[in-house]
Amino acid sequence: MAKEKDENADRDPEPKGKIHERWQEKAEISSRYREAERELPDDPRDDPWAYTALLTRNPAKNITPPLWEAIKSEAYRVYN
């Protein structure tokens, strides 16, 4: 049985600038979403269109980090 070559074994690690850029983008999207959410009226009956215009889920959560970053984050969360 031949060993399969791991395609990711020889790749260069992600540079810190790229990581920081992704985090900044995610923080900015999340910040705009939370700001729009705070501006919603307390009662949806006051302005029902405002509630339909805002996405039900924060779009920043759609930015998927690389697997190593997700594992590291989860490890920190479990450790603490």
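1. Of the 80 residues of the protein chain, 15% count as buried, where buried means under 20% relative accessible area, exposed means over 50%, and partly exposed lies in between (1.4 Å probe, protein chains only). The accessible surface of the protein chain comes to about 7,500 Å², and carbon and sulfur atoms hold 53% of that surface. Accessible areas come from the Shrake-Rupley method with a 1.4 Å probe, and for residues only the protein chains shown count as cover.

2. This is a predicted model, in which local features need pLDDT of at least 70 and side-chain atom pairs count only at pLDDT 80 or more, while totals for chains, interfaces and linings use all residues. Residues are numbered from 1 along each chain as its sequence is written, and side-chain values use heavy atoms, with hydrogens and water left out.

3. The protein chain has three helices and zero strands, and its elements run α-α-α from the N terminus on. Helices (H or I, at least four residues) and strands (E, at least two) are DSSP runs, numbered from the N terminus. Among contacts between residues at least 6 apart in sequence, 61% join residues at least 24 apart; contact means heavy atoms within 4.5 Å.

4. By the rule applied here, the count of salt bridges is four. A salt bridge is a side-chain nitrogen of Lys or Arg within 4 Å of a carboxyl oxygen of Asp or Glu. In general, side chains of opposite charge can pair when their charged atoms come close.

5. One of these salt bridges joins the side chains of Glu69 and Arg22, at 2.1 Å from N to O. Glu69 lies in helix H3 and Arg22 in helix H1, so the pair ties together parts that are 47 residues apart in sequence. Glu69 is buried, with a relative accessible area of 10%, and Arg22 is buried at 13%. Leaving aside neighbours within four places in sequence, Arg22 is in contact with Glu14, Ile63, Pro65, Pro66 and Glu69.

6. Arg77 forms a salt bridge with Glu74, with the closest N and O atoms 2.5 Å apart. Because Arg77 and Glu74 are three residues apart in helix H3, about one helical turn separates them. Arg77 is exposed at 55% relative accessible area, whereas Glu74 is partly exposed at 39%.

7. Asp43 and Arg45 also form a salt bridge, their closest N and O atoms being 2.8 Å apart. Asp43 is partly exposed, at 23% relative accessibility, whereas Arg45 is exposed, at 70%.

8. How much space lies in the largest pocket? The volume is about 160 Å³. On a 1 Å grid over the protein atoms alone, a pocket is an open set of points where a 1.4 Å probe fits, with protein on both sides within 12 Å along at least five of seven lines; lining residues have an atom within 4 Å of a point. Grid points are joined across faces, edges and corners, and a volume is the space filled by probe spheres set on the points.

9. The lining of the largest pocket consists of Lys16, Ile19, Trp23, Trp68, Glu69, Lys72, Ser73 and Tyr76. Helix H1 (16-38) and helix H3 (67-79) each supply at least two residues, and the largest share, five residues, comes from H3. By class, four of the lining residues are nonpolar, one is polar and three are charged. Ala, Val, Leu, Ile, Met, Phe, Trp, Tyr, Cys and Pro count as nonpolar, Asp, Glu, Lys and Arg as charged, and the others, Gly among them, as polar.
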